[in-house]
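Visitor: I am new to this structure. Could you walk me through how its descriptions are reached?
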Amino acid sequence: MDFNVKKLASDAGVFFSRAMQFTEEKLGQAEKTELDAHFENLLARADSTKNWTEKILRQTEVLLQPNPSARVEEFLYEKLDRKVPSRVTNGELLAQYMTEAANDFGPGTPYGKTLIKVGETQRRLGAAERDFIHSASINFLTPLRNFLEGDWRTITKERRILQNRRLDLDACKARLKKAKAAEAKAAAVPDFQETRPRNYVLSASASALWSDEVEKAEHELRLTQTEFDRQAEVTRLLLEGISSTHVNHLRCLHEFVESQTNYYAQCYQYMLDLQKQLGSSKGEIFSGTFVGNAESTSPPPAAASPPAVAAATLPAVPTIPVVPTIVGVPNTVAESVLNPNEVKPPASGTRKARVLYDYEAADSTELALLADEMITVYSLPGMDPDWLIGERGNQKGKVPVTYLELLS
């Protein structure tokens with residue numbers, strides 16, 4: 001019990017001495033031992049590494065998991081040393097909804113088939129996203145987090161010890177300085193004309209006491225200087241290890257970029273495959289199932305916007321198939337295609353269609369369209385499969401298939 005009390009009193013004395021030294025330094029009343037320039041550069045580099053590592057770590061976590069509630073949940077599971085529960089990605093959830101909708105609308109309908117195709121692609125995208133998040137977490141986030149929670153904590157602890165050793169060293173220097181000043185004052189020769197001989201004896205005794213105090217202060221200074229130098233060397237080695245940390249983080253960064261590249265390459269390939277599938281099915285819906293005896297059509301580019309489709313696939317003057325002319329028999333097909341207003345709709349085969357986008361007629365043989373309006377359409381034998389004859393009241397003309405939604 002006595003030992004604990006003495007140790008507590010000693011620790012309290014050391015703490016008070018450090019607090020006094022620190023306060024006097026801040027007020028400019030005490031000298032401070034300065035570290036060399038190289039050491040200060042190492043400290044600044046370490047602080048910069050810690051600050052930027054924290055920012056990169058936090059922002060990467062936001063990139064991989066934008067939901068803040070989910071990030072907090074994952075953080076709590078990590079702190080409790082429990083396995084994070086598996087979470088469905090947004091792509092997988094969208095795929096589930098699309099599949100259920102397709103089953104409800106009918107998987108054999110054009111809309112249901114398309115929902116199933118898109119849903120399958122979304123599921124593959126969600127799985128690729130899950131693999132990317134897992135890879136980035138292991139190869140990039142974990143090393144950054146290990147540095148902050150491991151190496152940096154050790155550096156911070158040793159820097160704190162070094163700061164205490166420096167305060168002890170400066171306190172010993174101040175104590176030695178005061179002891180020497182008091183010893184010099186006590187060793188001064190008294191004036192016998194105004195001072196009694198007894199004071200001379202007291203002055204000699206005080207001088208001897210201050211001499212012992214100076215020796216004691218010098219001994220403590222040597223000890224604290226040794227401890228400070230040893231701690232400074234330990235801290236310097238840890239700070240120089242930041243270079244190895246940069247090399248490790250560089251390797252992790254390369255792995256992160258590689259996994260991200262693979263992820264986006266997979267997404268691009270999945271969407272490219274889906275685009276081809278939708279383009280093929282779109283061609284079947286717009287031409288194959290409606291034109292009937294018309295020649296096979298090449299589907300329009302699925303990724304092109306309506307104006308781009310019109311500019312790229314719909315010429316101002318559609319190509320007219322060459323029909324052999326029999327002597328004495330008029331070429332009715334060519335004339336009907338060139339003059340839509342003179343053709344007669346077939347007895348059967350007409351359908352209603354909804355206009356998807358506005359379309360401006362290029363010439364008098366075409367029919368201008370307005371988005372969301374309903375028109376009657378039909379095809380003629382030998383007609384370009386990318387075009388149909390459209391009727392709106394008394395108006396009649398050619399219209400592009402890609403601007404229409406054919407209704408049953």
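Predicted model: local features only at pLDDT ≥ 70, side-chain atom pairs only at ≥ 80, totals over all residues.

Visitor: Why is Cys172 called buried?
Guide: Buried means under 20% relative accessible area. Cys172 has 6% relative accessibility, so the word applies to Cys172.

Visitor: What makes Cys252 buried?
Guide: The relative accessible area of Cys252 is 1%. That value is under 20%, so Cys252 counts as buried.

Visitor: How many disulfides are there?
Guide: A disulfide needs a pair of cysteine sulfur atoms within 2.5 Å, and by this rule the count is zero.

Visitor: Which residues have the most contacts inside the largest nonpolar core?
Guide: Those are Phe132, Phe140 and Leu239, in a core of 34 residues. Two or more residues come from each of α2 (37–64), α5 (110–186), α6 (197–240) and α7 (242–291). The largest share, 16 residues, is given by α5.

Visitor: What is Phe140 in contact with, leaving aside its neighbours within four places in sequence?
Guide: Phe140 is in contact with Ile56, Thr60, Ser135, Cys252, Leu253 and Phe256. Another core, of 18 residues, lies apart from the largest one, and Ile375, Val377, Leu380 and Val399 are among its members.

Methods: Residues numbered from 1 in each chain as written. Heavy atoms only, no water. Buried < 20%, exposed > 50% of the residue type's maximum accessible area, 1.4 Å probe, protein only. Core = buried A, V, L, I, M, F, W, Y, C linked by side-chain atoms within 4.5 Å. Helix = DSSP H or I, 4+ residues; strand = E, 2+ residues; numbered from the N terminus. Contact = heavy atoms within 4.5 Å.
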